[in-house]
Amino acid sequence: MCGIVGYIGKKDCVRFLVDGLKRVEYRGYDSAGIFVYREKDKRSTLVKNVGKIAELEKSIDSSVVGNIGIAHTRWATHGEPNHDNSHPHVSNNGSIYLVHNGIIENYTSLKKKLEKHGFSFYSETDTEILVNLIQLHYTGDIEKAVKEALLEVKGTYGIGVFSLNEPDKLIAARLGSPLLIGIGKNENYFASDPASVVKKTAEVVYMQDREIAVITKESVVHKTLDDEVLKKNIETIAFELSDIEKSGYDHFMLKEIFEQPKTITDSMRGRLLLEEGTTKLGGLSEHPEIYRALINAEKIYIVACGTSWHSALIGEYMLEEYAKIPVEVEYASEFRYRDPIITPKTVVIAISQSGETADTLAAIKEAKRKGAVVIGICNVVGSTISKETDAGVYLHAGPEIGVASTKAFTSQVIVLALITIDIARRKNLSFRQGYKMVKELKILPSLAESILENSNTIKEIAKKFSSARNFLYLGRGYNFPVALEGALKLKEISYIHAEGYPAAEMKHGPIALIDENMPVIFIAIKDTIYDKVVTNIKEVKARNGVVISIASYGDDEIDKISDYVIKIPDTTNLLSPVLTVIPLQLLAYYIAVEKRFNVDMPRNLAKSVTVE
Ligand code: F6R
């Protein structure tokens with residue numbers, strides 16, 4: 001949720017820290033701060049400000065200099081966004097500075113303990129407790145003090161620590177919040193996200209839970225909290241700078257919507273075996289025992305949150321229809337606290353774009369505790385979920401920066417289809433059916449492209465409806481989850497109340513809402529339940545509702561019963577969500593732009609929800 005960045009080297013690092021924060025601003029943007037230390041004259045400066053990083057930048061003048069520094073952009077959990085609550089936090093004696101991503105759950109009891117030792121506090125944050133706990137343990141060795149303090153902590157953290165008494169090093173540590181070390185020449189970095197360091201180095205070491213790193217200009221020593229020295233692999237960041245820039249688009253969200261023909265292609269690259277009428281996923285076939293467990297599973301739980309939960313619902317439809325395995329989709333946040341029945345033949349699939357979502361991670365841990373095989377579907381390479389799962393498949397959709405998830409959703413649907421086809425072909429799906437599906441997958445990017453070419457029609461519709469107060473999204477079968485996703489997109493970035501429903505369910509309640517002020521979006525493509533959806537549209541029209549239909553090219557009938565129609569190409573049923581969602585993403589985007597909202601940084605939201 002928050003983003004942290006640190007630097008130690010010989011150069012002035014203020015620009016690097018501010019740019020590094022900007023790269024992760026999408027993770028949290030209600031306040032930000034920077035602490036820098038200049039070795040040559042022992043000068044230290046702390047600057048913080050409420051609001052976006054641009055506000056922090058305004059407070060940084062030429063007097064802010066240093067060759068060692070730590071920085072933070074915040075998404076408030078403990079205490080409102082104000083100057084005092086912003087990071088970096090400083091200990092009572094003014095010697096230790098800390099940036100922290102995560103939550104210290106036992107901060108109340110730690111606070112009482114510190115108060116007994118005479119500590120006082122200027123903020124409402126759990127982080128200020130931690131920095132003082134480090135001071136309490138400090139006896140001349142900052143590394144030891146951090147370790148001892150962390151052993152007392154319950155919760156999650158990715159931290160960066162600097163001590164004025166030992167200004168030749170930074171300490172980084174993680175438990176449950178992402179953290180990596182960037183390796184440079186006579187300079188090193190830490191960051192919660194590779195995007196912050198990629199301009200300087202592509203070589204990174206991903207830290208794991210309960211690890212600590214002692215970072216100097218020349219070296220990085222990795223240890224466990226119990227002092228065991230670790231040999232860590234240096235990995236190469238899997239994307240380039242251009243992947244995390246807007247490249248001429250007004251917003252990351254728009255760029256990511258328009259990238260979908262490419263990201264869909266990337267998600268299936270090397271995974272289609274047309275000649276055999278099937279698919280192949282290295283991340284699963286390289287783990288034959290795990291994959292066998294999935295193929296022979298008697299029950300699959302798919303756990304996820306938000307948009308990933310919507311793709312999971314589509315996965316349920318696919319896996320049950322073609323792979324013939326019973327599937328239950330659970331909100332990760334519910335799964336972790338219920339008592340799900342896990343038998344030896346139960347497999348859990350966790351879907352997460354970021355690979356860091358706290359609830360999904362906790363659901364995975366719960367499933368593993370109960371003995372389930374857990375398979376991950378993640379976008380971010382090297383993320384915590386990708387490491388915690390027994391095997392998995394990457395989306396290869398590239399960094400998703402827009403807070404509202406778009407390209408990750410379509411890639412998740414693709415990966416779920418690839419898994420379904422492979423399992424189904426090993427069971428009773430014929431070569432002919434498999435071949436047809438793989439052929440459809442191959443042309444899907446060009447079909448997506450044709451929808452994007454029509455974006456102006458959607459923009460015009462958006463203009464007409466930007467002042468609506470409520471929207472209803474209706475779909476059936478594979479497109480019921482798309483209705484949910486369309487409604488979520490609109491809520492997130494335009495703050496318009498929207499609900500998604502299975503179209504037929506409308507008459508069991510929501511129909512009461514329909515009048516001439518209620519736009520109702522129907523996903524009414526020519527599939528097996530098209531006629532039923534048409535009946536639902538007529539029910540809405542009979543009550544003066546305004547109907548916007550997402551329909552198939554060549555369907556002229558729908559024009560007669562809808563007020564507005566967005567035509568899209570047809571594809572096979574299980575892939576249709578990849579196409580039907582695109583107009584809904586665009587509609588949400590254009591409505592939010594029309595309302596002049598900051599699409600990439602919607603209020604109260606943050607990318608990658610690493611708190612419960
Ligand atoms: C919606 C959105 C969120 C995420 C959810 C799960 O646009 O971005 O609902 O889908 O927080 O995140 P991941 O997929 O990273 O686990």
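## Helix packing exercises

**Exercise 1.** In H7, Gln260, Thr263, Ile264, Ser267 and Met268 meet Lys407, Thr410, Ser411, Ile414 and Leu418 of H14. The model is predicted. Into which classes do the residues of this contact divide?

*Solution.* 
Step 1. Sort the residues on the H7 side, which are Gln260, Thr263, Ile264, Ser267 and Met268.
Step 2. Sort the H14 side, made up of Lys407, Thr410, Ser411, Ile414 and Leu418. Here Lys counts as charged, and Ile and Leu as nonpolar.
Step 3. Over both helices, the contact of H7 with H14 has four nonpolar, five polar and one charged residue.

**Exercise 2.** Find how the axes of H7 (residues 260-268) and H14 (residues 407-426) are oriented to each other.

*Solution.* 
Step 1. The two axes come within 9 Å and cross at roughly 30 degrees.
Step 2. Angles under 35 degrees count as roughly parallel, so H7 is roughly parallel to H14.
Step 3. As for handedness, H7 and H14 cross in a right-handed sense.

**Exercise 3.** H14 also packs with H15 (residues 431-453). Are H14 and H15 roughly parallel or roughly antiparallel?

*Solution.* 
Step 1. The axes of H14 and H15 come within 10 Å, with a crossing angle of roughly 165 degrees.
Step 2. An angle over 145 degrees counts as roughly antiparallel, and H14 and H15 are therefore roughly antiparallel to each other.
Step 3. Their crossing is left-handed.
Step 4. From H14 the contact takes Ile414, Leu418, Ile421 and Arg425, and from H15 it takes Phe431, Gly434, Met437, Leu441 and Leu444.
Step 5. By class this contact of H14 with H15 has seven nonpolar, one polar and one charged residue. Gly is counted with the polar residues and Arg with the charged ones.

**Exercise 4.** Describe the packing of H15 with H20 (residues 576-594). What classes of residue form the contact?

*Solution.* 
Step 1. The axes of H15 and H20 are 10 Å apart, at an angle of about 25 degrees.
Step 2. H15 and H20 are therefore roughly parallel to each other.
Step 3. The crossing of H15 and H20 is right-handed.
Step 4. Leu444, Leu447, Ala448, Ile451 and Leu452 of H15 meet Val578, Leu579, Ile582, Pro583 and Leu586 of H20.
Step 5. The contact of H15 with H20 holds 10 nonpolar residues, with no polar and no charged ones.

**Exercise 5.** How does the radius of gyration of the protein chain compare with the globule rule?

*Solution.* 
Step 1. The chain contains 20 helices and 27 strands.
Step 2. Its radius of gyration is 25 Å, close to the 25 Å given by the globule rule for 612 residues, so the chain is as compact as a globular protein of that length.
Step 3. The C-alpha trace spans about 75 × 55 × 45 Å along its principal axes.
Step 4. The chain is divided into domain 1 (3-237), domain 2 (246-452) and domain 3 (454-612). The C-alpha centres of domain 1 and domain 3 are 43 Å apart.

Notes:
Residues numbered from 1 in each chain as written. Predicted model: local features only at pLDDT ≥ 70, side-chain atom pairs only at ≥ 80, totals over all residues. Heavy atoms only, no water. Domains from an automatic or database assignment. Axes fitted to C-alpha atoms, helices over the stretch in contact; angles between N-to-C directions. Helix = DSSP H or I, 4+ residues; strand = E, 2+ residues; numbered from the N terminus. Parallel < 35°, antiparallel > 145°, perpendicular 65-115°, else oblique. Left-handed = near helix turned anticlockwise from the far one by under 90°. Contact = heavy atoms within 4.5 Å. Rg over C-alpha atoms; globule rule 2.2 N^0.38 Å.
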